[in-house]
2 protein chains.
Amino acid sequence: MPAINENFLKLEKNYLFINIAKKVNAFTAANPDAKLIRMGIGDVTLPLAPVVVDAMKKGADEMGVKETFKGYEDSGAGYDFLREAVSDYYKSFGADVSADEIRINDGAKSDCGNIVDIFGDDNIILVTDPAYPVYVDSNKMSGRTIIYADSNEENGFAAMPDESVHADIIYLCSPNNPTGSVYTAEQLKVWIDYAKKNDAVIIYDAAYEAFITDPDVPRSIFCIEGAKECAIEMCSLSKTAGFTGVRCGYTVVPNALKVTASDGTEVSLAQIWGRRQGSKFNGVSYPVQCAAAAVFTEEGQKQIHENIAYYQENARIISDTMTKVGVKFTGGVNSPYIWFKCPKNMGSWEFFDMMLEKIAVVGTPGEGFGKNGEGWFRLTAFGDRDNTIEAMKRFEKLVSEL
Amino acid sequence: MPAINENFLKLEKNYLFINIAKKVNAFTAANPDAKLIRMGIGDVTLPLAPVVVDAMKKGADEMGVKETFKGYEDSGAGYDFLREAVSDYYKSFGADVSADEIRINDGAKSDCGNIVDIFGDDNIILVTDPAYPVYVDSNKMSGRTIIYADSNEENGFAAMPDESVHADIIYLCSPNNPTGSVYTAEQLKVWIDYAKKNDAVIIYDAAYEAFITDPDVPRSIFCIEGAKECAIEMCSLSKTAGFTGVRCGYTVVPNALKVTASDGTEVSLAQIWGRRQGSKFNGVSYPVQCAAAAVFTEEGQKQIHENIAYYQENARIISDTMTKVGVKFTGGVNSPYIWFKCPKNMGSWEFFDMMLEKIAVVGTPGEGFGKNGEGWFRLTAFGDRDNTIEAMKRFEKLVSEL
């Protein structure tokens, strides 16, 4: 048999959420009557906005008529109508991103995982810890060296660069998954300066930008001067507009991002990324792109912000409970995540098991996101209101009796 | 700046179809009144079947209602309703493929390009030449050694293995893109025996299986004994049901496919592939999966076969013209492609330019698919009937005047 890519054997055996699913399945099999409340995986629960559904159906209808049928997209980078809508959206919060710097994708996870293909395997990868597991796993699959910047209680779970350490590729996520922390404009500027000093590229995950309410917190790294010479940004409609099951996002590779190859050739990263996608991707479903474009209309923005406000109120309910029972946390504002310290110095998985067994609430153990997550725990505000209130009642009782 | 993956610099500068698009754009700019007929890129032209559109709209409606809203898929491998429909479809033509061996994807190109990730870079890759460029490019991007098996006029453009040559991974495509040739059951058995002797894995592209009319030509490599121990198959609804702009396909990695790692561990390829997809893919849009499932219903099969019959009639019209003007060709039956020898020993691009300039018909130069394509040319039967007839009239006149 052909040799496999043995880097796969060095990965953690189970993807975090698969592990959780197994434990939950075992619990529900043993306790079929338990009223389980899921606050673990960051999935949304509110339906798509009406304008989004209408646009998708209109797109589907067009596909059923010869004159308006759409086959392959010419470029596979997304229809102009959507790329322009995303460009205008960026401009609305002060980031100058042109339509030709945007590629539409089937969700941020795909591009976030696949972007590694365009870089050499000898690069040093810097990941803030804790982090979304895809940053680590996608690089481990290529056998790369990964170093970590600690996000912890001391720095409010917002790691800053260590000037004595060199990195070539830097993953940042703000608002952060899992910790809910955000970078201010000043902090992002420090990262950009560090990247420039190291000739590094920042891969910036902005998937939760729509939850930012504080006007001082940047919605995009491209709100900060100098970012276009050193950063790639990924964003998604999954959390912005409930697209977790629709699958659409976008990646920005600025035209100014150039790399010099070993033979001295100047290479545009956007061009290589386009070449990669040209061979291994064929664009996003047309009706899905129609649905995505509807998100950026005036009525679309109004409707999706009603959903976001609903989740933000859930986040407030969870945060208030944490404050009331004296549990330390980050997030809850500018973010759908609440990241808290497990009471009584319990371990993350220990607390996970206890919550599942005693109050039938599912969360995400912090250590699944890295070593600095040990003893911490993530809850999401994406649940249904009644369930969120009920879960917090149970949580309050549980913690007060510990 | 970080080191890029310099294998990208070794790729042909332009992807074949981008090159064609540029030439066509230049032509239409210079000849705005020319009645251009496109028979180049293998894109369909008939609209989606009504049952498919209805199913997609129903799926969209479900996404707009809280009780039926779908977020992330648990596995990302596709909903059971679709995986089971695909499994039943396989069984209908004698291939025993179970639902848990099938992963739903956003089109065969993505999986065909991404599958390379699970194999080591030292493997020897065997590609039949001419071939779909993705097989070559996706492996060149990983810096792999590629060897070729010649498909040519002598063997009817259906390369067979050279027993004196070793390969680890073998790409086969039947019905073939670009040559329209097909492998018989006996020929596939020879390839399977060769793969087993070499401990190789066959990556089998069955994207055009729906065009097979000859009952002796296998619709899947899994119709042949022994294939489940050595083959992965990719298929797509792009040509089967006009999904080029909808984006849905499926990959079969049999449970029996095991590889021994260097430390002696037995590894399931399906499991590693699932791990890869678990980190770099998040499943296919729910309404798209609903649309795909409709293809496999009784009414869906009836409706899509009306479209396939339409394209088959186009293929007959093109084939008859080739026969009439005495141009040698393969394909045209069991395939939507007609692969012909350029008259007067012209080169592929030379003939491309001439067809474009003189009769405003766009085709695909054979040499874009590999060295054995030099002097050959691909036309597709996916056009509109009137255009196909008109193009063949122009073609007949052009060739008879050469």
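## The model and its conventions

Let's start with some ground rules. This is a predicted model, in which local features need pLDDT of at least 70 and side-chain atom pairs count only at pLDDT 80 or more, while totals for chains, interfaces and linings use all residues. Residues are numbered from 1 along each chain as its sequence is written, chains are lettered from A and ligands numbered from 1 in the order in which they are written, and side-chain values use heavy atoms, with hydrogens and water left out.

The model scores ipTM 0.96 and pTM 0.97.

## Chain A as a whole

Along the principal axes, the C-alpha atoms fill a box of roughly 65 × 55 × 55 Å.

Of the 402 residues in chain A, 64% count as buried (under 20% relative accessible area; exposed is over 50%, and partly exposed lies in between, with a 1.4 Å probe and protein chains only). Among contacts (heavy atoms within 4.5 Å) with a separation of 6 or more, 72% join residues 24 or more positions apart.

## Surface and charge of chain A

The accessible surface of chain A is about 14600 Å², and carbon and sulfur atoms hold 49% of that area. Areas come from the Shrake-Rupley method with a 1.4 Å probe; for residues, only the protein chains shown count as cover.

Chain A carries 40 positive and 56 negative side chains, with the centres of the two sets 5 Å apart. Lys and Arg count as positive and Asp and Glu as negative, leaving out His and the chain ends; each charge is placed at NZ of Lys, CZ of Arg, CG of Asp or CD of Glu.

Val361(A) sits in strand β13 (residues 361-362) and counts as buried, at 2% relative accessibility. Leaving aside neighbours within four places in sequence, its contacts include Ile37(A), Met39(A) and Arg394(A).

Over in chain B, Val136(B) belongs to helix α5 (residues 133-140) and is buried at 13% relative accessibility. Not counting residues up to four places away in sequence, Val136(B) touches Val127(B), Ile146(B) and Tyr148(B). Its C-alpha atom is 9.3 Å from that of Leu11(B), a residue 125 places away along the chain.

## Backbone details to look at

Asn334(A) lies in the loop between β11 (329-331) and β12 (337-341) and is buried at 8% relative accessibility. Asn345(A) is in the loop between β12 and α10 (348-359) and is exposed, with a relative accessible area of 70%.

One runs from Asp129(B) to Pro130(B), with omega near 5°, and Pro130(B) lies in the loop between β3 (124-129) and α5. Another joins Asn177(B) and Pro178(B), with omega about 20°; Pro178(B) is in the loop between β5 (169-173) and α6 (185-197).

Definitions and conventions: Helix = DSSP H or I, 4+ residues; strand = E, 2+ residues; numbered from the N terminus.
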